[in-house]
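This short report covers one protein model. Please view the fold first, then read on.

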Amino acid sequence: MRRALAVAAVIFMGACSIPEPQLAVDRDTLTQRQKDSITSTLPLPGASVVGRALRASDAAKARAERHDALGANP
């Protein structure tokens, strides 16, 4: 009887430690920039500011890339 309980306990513990397959799907696949771009088009107070900030960020990135290109040429 003790042996059967010990075997049952080992089987039960082993079954509990088996990880379940991940069934959850990550539905949030948009980047923060994409979310901000969508937000800038909504009729919300301050949404246009988000669009201007994105354009300013793009301009700063383009300016930095131009400066980097100047330093790359020997």
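## Terms and basis

A residue is buried under 20% relative accessible area, exposed over 50%, and partly exposed in between (1.4 Å probe, protein chains only). The model is predicted: local features need pLDDT of at least 70, side-chain atom pairs count only at pLDDT 80 or more, and totals for chains, interfaces and linings use all residues. Residues are numbered from 1 along each chain as its sequence is written, and side-chain values use heavy atoms, with hydrogens and water left out.

## Overall fold

The protein has 3 helices and 0 strands. Its pattern along the sequence is α-α-α. Helices (H or I, at least four residues) and strands (E, at least two) are DSSP runs, numbered from the N terminus.

Of the 74 residues, 4% are buried.

## Helix α3

Helix α3 spans residues 47-72, 26 residues in total. From first C-alpha to last it reaches 38 Å, close to the expected 38 Å. That expectation is 1.5 Å times one less than the number of residues.

Ala-47, Gly-51 and Leu-54 are buried in α3. The buried residues of α3 pack against α2 (32-40); contact means heavy atoms within 4.5 Å. An α-helix has 3.6 residues a turn, so residues three or four places apart point the same way.

## Salt bridge

The count is 1 salt bridge, defined as a side-chain nitrogen of Lys or Arg within 4 Å of a carboxyl oxygen of Asp or Glu. Asp-58 pairs with Arg-33, with the closest N and O atoms 2.7 Å apart. The pair links distant parts of the chain: Asp-58 lies in helix α3 and Arg-33 in helix α2, 25 residues apart.

Asp-58 is partly exposed, at 36% relative accessible area. Arg-33 is partly exposed too, at 39%.
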